[in-house]
Amino acid sequence: MSPKEISLALDSLWVILSAILVIGMQAGFALLEAGSTRMKNSGHVAGKQILSFAIASLAFWAAGFAITFGAGNSFIGTEGWFLKEGKGTFDSLSWANVPLSIKFLFQLGFAGVSLAIAWGGFAERAKLSVYFIFGTIFTIAIYPVIGHWVWGGGWLGAMGMQDFAGSTVVHLQGAIAALVATVLLGPRIGKFNKDKTPNVIPGHNQVYTVIGGFILWVGWFGFNAGSTMAVGDGFFGYVALTTNLAAAAGAIAAMVTAKIIVGKADIPAMVNGVLAALVAITAACAFVEPWAAVVIGAVAGSFTFWTSVYFERKGIDDPIYAFSVHGIAGIIGTISTGFFASPRLVEVTGIGKAGLVYGGGFHQLIVQTVGVLGAMAYVAFVSFLILFVLKKTIGLRVTAEQEISGLDISEHGSYGYPEQLDPAFSSKTAAQ
């Protein structure tokens, strides 16, 4: 084999392995979200991950990938439907030395993660039919548009926006959609008292939450380091290093913050601190020095816990704190490169300019802020439009009776934990 053929083979192997890691994050979300919600909804919450990834796979293949990376204009891609190649169709991905099929699978994993984040705002009270409709539209008309703006040759990419693996493209998008859904659906029954003070609705299994968080941590090495889409220069190892340092800092910062604010070293808070730090470093992993990665992770982990408490006190019932973990941290991470982008790493990546700390001025900070605000405005508007129409037509929420009985039985006809919840099952086993 020639050196070029060896390089192609190694890059292809690395990217498909990274794609598997990213797609495997769906298992992490299933455990994390099921463990963070009530037993009566556990089967529904876990099974929903398979449904949403199936929807994303077909919708992204048919249109989402083309809108994200296909040739077009500064707003959307207009060529490459159903992965149909043509001259110049996917030039925005021409730098990646891997076949189109592998590029697609890798990017599909990202789209699936963004959709999984959005479902956090729907948890424990949304109709199953809404998942089909909103999931399809999100994967075609929302996620790909911002992806094109930043990664597919769009106007934010032309400005030099630094979002290496998707703090804004993936995480902030999903978080904004989750927040809009949370507001339109309203709080779960029993979440708030008449005086609007919140009640704690604990998840049914903290062990699931922790295991899910660890699966996501491992999957993030494919998410961030895999975004180099190459192995020749070893830069993927550096990206993995900054990713891990940020996650470690986020875990400790979140637990310390929880201890200060509520007086307890809260375990779910620690898990969310890890995830928030990973979200934040996702934009910055290729642009910042290790010390800055620690700072970014710690700030994101701490702010995530504080904002989760703040929003809950303001009447927002976000069951898995999707907006705090993926939205607030996504904003922090994206804007952080405006401060901390290192000149040597900017030169390596060839994207944007150095940050304020290194004497780069306010240019990159302004670009990052414009990118965040532009993405938030578009996703919020389109998500609200879609969900408002659905609310006025088929309805977003299950009935009060169905919510009280649990979505496992009301939407799927069986409990995730029949031994604990199904009287018929309990009586049969007792008789035996």
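Here are a few exercises on a predicted model, each with a worked solution.

Residue numbers start from 1 along each chain as its sequence is written. Local features need pLDDT of at least 70 and side-chain atom pairs pLDDT 80 or more, totals for chains, interfaces and linings use all residues, and side-chain values rest on heavy atoms, with hydrogens and water left out.

**Exercise 1. The overall build**

Work out what secondary structure the chain has, and how its radius of gyration sits against the globule rule.

- Start with the elements: the chain has 17 helices and 0 strands. These are DSSP runs numbered from the N terminus, with helices being H or I of at least four residues and strands E of at least two.
- Next, the radius of gyration is 21 Å, close to the 22 Å from the globule rule for 432 residues, so the chain is as compact as a globular protein of that length. The radius is taken over C-alpha atoms, and the rule is 2.2 Å times the number of residues to the power 0.38.
- Then look at the box: along the principal axes, the C-alpha atoms fill roughly 70 × 50 × 45 Å.
- Finish with burial: 55% of the 432 residues are buried (under 20% relative accessible area, while exposed is over 50% and partly exposed in between, using a 1.4 Å probe and protein chains only).

**Exercise 2. The annotated domain**

Find which residues the UniProt domain annotation covers, and describe that stretch.

- The unreviewed UniProt entry lists "domain: Ammonium transporter AmtB-like" over residues 13–417. Positions follow the numbering used here, feature names are shortened, and annotations may be inferred rather than shown by experiment.
- Over residues 13–417 the chain is 68% helix and 0% strand.
- The end C-alpha atoms of that stretch are 40 Å apart.

**Exercise 3. Ala181**

Is Ala181 buried or exposed, and which residues is it in contact with?

- Check its cover: with a relative accessible area of 1%, Ala181 is buried.
- List its partners: beyond neighbours within four places in sequence, Ala181 is in contact (heavy atoms within 4.5 Å) with Gly121, Phe122 and Leu387.

**Exercise 4. Two positive phi values**

Locate Leu83 and Lys196 and give their phi angles.

- Leu83 is in the loop between helix H2 (42–69) and helix H3 (100–118), and its phi is near 60°, positive in a residue other than glycine.
- Lys196 is in the loop between H6 and helix H7 (206–224), with phi near 70°, again positive in a residue other than glycine.
- One more check on Lys196: at 66% relative accessibility, it counts as exposed.
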